[in-house]
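Please go through this two-chain model with the text beside it.

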Amino acid sequence: MRKTNKINIENKIMDKILSGEIKMKPKWYFVLGSILSFIGLTGSIVAAIFFTNLTLFLIRKRGPGTGRIITMLDAFPIWIPIIAVGFFVLGIWLLKKYDFSYRKNFLIIILTLFTAIFISAQIINLLGLNDIWSQRGPMRRLYPRDHTYKYQPYPRTIYGR
Amino acid sequence: MKHSEIKSKTDEEIVEIVRNYNKEQFVYLVRRYEDKLIRYAQYLIGDYDKANDAVQQAFIKAYINLNGFDLKKKFSSWIYRIVHNEAINLIGKDKKTVIINPDIDFDSGENTEEDYLKGELVAHTHECLKKMALIYREPISLYYLENKSYKEIGDILRLPIGTVSVRINRAKVILKKICEKQIK
């Protein structure tokens with residue numbers, strides 16, 4: 001190493017610390033950061049499950065059947081799957097901050113999370129919780145107004161409503 | 001606290017002292033890692049002055065975020081990671097001007113397969129490293145030149161140990177080819 005050119009960074013750093021130019025962030029800042037990131041991760045996964053469930057629920061009610069895809073896309077509230085994907089991406093981004101995430105194959109973590117969200121959403125959809133949520137309680141506002149469906153085991157066409 | 005007392009303390013113990021009692025003791029962490037980190041940043045950036053800037057910036061960031069450091073982890077991996085990020089930022093900003101500095105000195109080893117590679121690396125470092133992609137340059141310089149374990153490299157580069165192993169093995173092959181060409 002070129003010792004002659006070596007700049008004494010030790011003094012520069014210590015001067016900044018001792019003069020108070022740079023200060024340590026307090027402990028509560030990091031504790032709060034961890035709590036918020038955990039809440040954010042949990043919240044984004046729950047939201048991703050809910051909106052995936054809502055997407056599956058609406059697909060089940062509207063089709064898609066052969067020849068009806070364009071009609072379905074016309075009427076389908078496309079913001080719902082977009083929000084589901086948004087929360088999924090947010091969840092992945094937050095998950096990446098955790099230590100264990102880089103020790104494992106991240107692709108497997110993404111696939112596992114995606115599968116878990118999809119299965120959970122499917123279970124909620126099949127349990128008929130959408131009927132309850134779409135008709136009463138604070139979740140009702142999140143359901144498209146003209147879709148207060150009763151649970152049906154088989155899809156109904158958009159023309160058959 | 002006496003100079004000899006603090007010298008016998010681990011990095012993590014010094015971090016605890018800096019956090020809770022005496023911020024001036026941070027200087028011991030700077031002294032312990034300054035040269036190693038500048039050398040590592042230099043492998044990545046290829047410019048001594050920029051490596052210096054990256055390390056200075058890394059120490060400042062480390063100090064600011066010292067309360068966020070988990071004492072169960074290794075401080076060395078943490079500070080290498082910060083330097084790595086700073087270096088990558090600089091490389092990103094200044095991709096076109098990256099050159100490998102020829103004035104880096106290294107330790108040499110005995111005549112084993114590993115040391116052969118190390119020897120080759122020592123002799124032709126700047127030329128060999130210059131021709132390697134960054135993803136191989138990072139782990140191999142940490143492994144051979146900084147003597148870091150696979151686990152530490154994984155912690156620094158945020159990679160699974162398996163990936164570190166694969167990259168080092170590939171880097172060895174690439175390095176051998178590059179160095180052989182250099183010799184010819």
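**Chains, contact and helices**

In chain A, residues 24 or more positions apart account for 69% of the contacts with a separation of 6 or more, two residues being in contact if their C-beta atoms, placed from the backbone, lie within 7 Å. The model is predicted, so local features need pLDDT of at least 70 and side-chain atom pairs count only at pLDDT 80 or more, while totals for chains, interfaces and linings use all residues. Residues are numbered from 1 along each chain as its sequence is written, and chains are lettered from A and ligands numbered from 1 in the order in which they are written.

Chain A has 7 helices and 0 strands; helices (H or I, at least four residues) and strands (E, at least two) are DSSP runs, numbered from the N terminus. Of its 161 residues, 17% count as buried. A residue is buried if 20 or more other C-beta atoms lie within 10 Å of its own, exposed if 12 or fewer, and partly exposed in between, with C-beta atoms placed from the backbone.

Chain B has 9 helices and 0 strands, and 38% of its 184 residues count as buried. Among its contacts between residues at least 6 apart in sequence, 64% join residues at least 24 apart.

The two chains touch through 22 residues from chain A and 29 residues from chain B. On the side of chain A that touches chain B, helix H1 (9-18), helix H2 (27-62) and helix H5 (99-103) each supply at least two residues. H1(A) gives the most, with 8 residues. By class, this side of chain A has 12 nonpolar, 2 polar and 8 charged residues. Here Ala, Val, Leu, Ile, Met, Phe, Trp, Tyr, Cys and Pro count as nonpolar, Asp, Glu, Lys and Arg as charged, and the others, Gly among them, as polar.

Within chain B, consider helix H7 (residues 134-145). Its 12 residues reach 15 Å from the first C-alpha to the last, close to the 16 Å expected at 1.5 Å a residue; the expected span is 1.5 Å times one less than the number of residues. Because 10 of the 12 residues are buried, H7(B) is largely enclosed by the rest of the structure. Among the buried residues are Tyr136(B), Pro139(B) and Leu142(B), as well as Arg137(B) and Glu138(B). Just after H7(B), Asn147(B) takes a positive phi of about 55°.

Helix H3 (residues 26-45) of chain B packs against H7(B) at an angle of about 145°, with the axes 10 Å apart. Axes are lines fitted to C-alpha atoms, for helices over the stretch in contact, and angles run from 0 to 180 degrees between N-to-C directions. Tyr40(B), Tyr43(B) and Leu44(B) of H3(B) meet Arg137(B), Glu138(B), Ser141(B) and Leu145(B) of H7(B). These contact residues divide into 4 nonpolar, 1 polar and 2 charged.

In helix H2 (residues 11-20) of chain B, Ile14(B), Val15(B) and Val18(B) are buried. They cover an arc of only 105° around the axis, so they are on the same side of H2(B); the arc is that of the directions from the helix axis to the C-beta atoms. An α-helix has 3.6 residues a turn, so residues three or four places apart point the same way.

Lys181(B) lies in helix H9 (residues 161-183) of chain B. Lys181(B) counts as exposed because it has 12 C-beta neighbours inside 10 Å. Its C-alpha atom is separated by 9.5 Å from that of Cys128(B), 53 residues apart along the chain.
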